[in-house]
Amino acid sequence: MKSFAALGAAGVLGGTGLLNGCAGRAPEWQLLPHMGTSADLEPLKSAAARINVLYGAATQRDTLQSDSAFAAHFAEECALLVPENELKWETVEPEPGDFDFGPGDWLADFAAQNQMAFRGHCLVWHRQCPRWAGSGTSGEAQQQLTQHILETVSHFAGRTHSWDVVNEAVDPHRRGGLRNTAWLNAIGPSYIELAFRAAREADPNAILVYNETGLEYDTRNGAARRAATLELLRRLKFAEAPVGALGMQAHLSASDNRLHADQLREFIRAVASLGLQVFITELDVSDRAVPPDLELRDAMVGKSYRDFLKAVLQEPAITAVLTWGLSDRYTWLSTYDPRTDGRPVRPLPLDASLRPKTALYAMLESFRGAPVR
Ligand code: G3I
């Protein structure tokens with residue numbers, strides 16, 4: 001299925017070690033070694049499955065319905081599907097008690113028809129949530145939260161691998177370490193435990209995930225977010241809340257070289273010591289701040305994929321890796337983190353023509369070099 005036109009980029013990287021047009025320039029960084037050839041290509045899900053990791057990606061119903069070529073590549077590469085937006089509160093319950101599971105059902109059916117697992121994202125978040133949700137008295141907010149989760153999770157029960165129950169709830173700069181949200185203000189910190197208990201009541205089997213962003217880099221903010229997240233998970237486990245995994249979103253940047261492998265692994269081991277799995281839930285690599293040279297950009301993005309995945313996959317607690325999209329043709333970063341030079345962004349394993357990029361080879365290499373869990 002994969003066309004090999006992009007081999008040029010990968011081949012160039014593999015040949016000289018320096019990029020065409022960059023020869024002679026003192027490389028600001030070590031370029032990727034040989035990144036593979038067509039003979040090395042296989043579906044990402046296959047390489048991941050050999051080490052007992054589920055690989056998948058986020059996508060949208062409208063995308064799969066309108067782009068059959070992309071849908072075919074998605075089915076070939078992915079063993080897990082997560083709706084990018086269709087299961088968020090604003091879509092599922094725009095008005096109190098008015099549930100619309102149509103878009104989510106379509107995606108769950110697509111996953112089932114293509115032998116993929118299906119994961120829900122996200123039940124409680126401060127964004128893409130209607131204004132009425134979390135309003136009123138504490139009792140009213142608790143009722144809103146509980147009903148939303150019971151209705152939504154029970155609707156998909158029996159066909160869901162996991163749920164992002166609560167998303168991005170920490171703020172290490174606030175007393176108590178939690179983000180200032182309507183739920184925190186209405187109910188207090190216990191809203192998080194309440195959400196997990198409601199999800200478990202609605203589905204006895206799905207893995208229930210706390211999903212967080214900004215955990216990856218060796219920065220003051222990264223360290224503070226890791227500490228706050230770990231403290232939240234410890235509190236939830238002490239309260240015997242049914243949390244089964246941490247989701248590390250892993251929205252990375254090709255121009256940021258502050259990944260620290262040992263630090264990442266130590267954090268993952270600390271989470272695992274609580275009896276939790278760790279999923280990489282939204283992996284992509286922004287190239288907005290990288291020079292325009294296309295092959296250099298792809299090499300730097302690929303290096304970020306490789307450096308991050310080689311580090312985290314050494315930890316057996318990592319049991320799922322999802323990219324936030326599969327192809328540059330459809331990425332949230334085009335809107336939310338565009339390049340100032342107006343060039344299309346290139347953050348994902350397939351390019352906008354659905355051809356494999358250096359990032360895909362880097363992911364294959366990382367899966368192949370990791371221990372079996
Ligand atoms: O559905 C409406 C459509 O009716 C309208 O015509 C259109 C134009 O206004 O907007 C559409 O809604 C957009 C929605 O995506 C669906 O496409 C929203 O404006 C847009 O803000 C929303 O963006 C999503 C973003 O979360 C919102 O914060 C991105 O697609 C989605 O990739 C992104 O995903 C989040 C994760 O859920 C949590 N982690 C961070 C990640 C990136 O922000």
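The expected span of a helix is 1.5 Å times one less than its number of residues. The model shown in these views is predicted.

**View 1. Helix 9, residues 190–202, and its span.** Helix 9 contains 13 residues. From the first C-alpha to the last, helix 9 reaches 19 Å, close to the 18 Å expected at 1.5 Å a residue.

View 2. Tyr191, Ile192, Ala195, Phe196, Ala198, Ala199 and Ala202 are the buried residues of helix 9.

**View 3. Histidine 121 in strand 3.** Histidine 121 has a relative accessibility of 1% and counts as buried, because the cut-off for buried is under 20% relative accessible area. The side chain of histidine 121 makes a polar contact of 2.8 Å with the side chain of aspartate 164. Leaving aside residues up to four places away in sequence, histidine 121 touches Val82, Pro83, Glu84, Leu87, Lys88, Trp163, Asp164, Asn167, Asn211, Glu282 and Trp324.

**View 4. Alanine 227 in helix 10.** Alanine 227 has a relative accessible area of 46% and is therefore partly exposed. Valine 170 is 57 residues from alanine 227 in sequence. In space, the two residues are 9.9 Å apart, C-alpha to C-alpha.

Terms used. Residues are numbered from 1 along each chain as its sequence is written. This is a predicted model: local features need pLDDT of at least 70, side-chain atom pairs count only at pLDDT 80 or more; totals for chains, interfaces and linings use all residues. Side-chain values use heavy atoms; hydrogens and water are left out. Helices (H or I, at least four residues) and strands (E, at least two) are DSSP runs, numbered from the N terminus. Buried means under 20% relative accessible area, exposed over 50%, partly exposed in between (1.4 Å probe, protein chains only). A polar contact is a pair of N or O atoms within 3.5 Å; within protein, one must be able to donate a hydrogen and the other to accept it, and residues adjacent in sequence count only if both atoms are side-chain atoms. Contact means heavy atoms within 4.5 Å.
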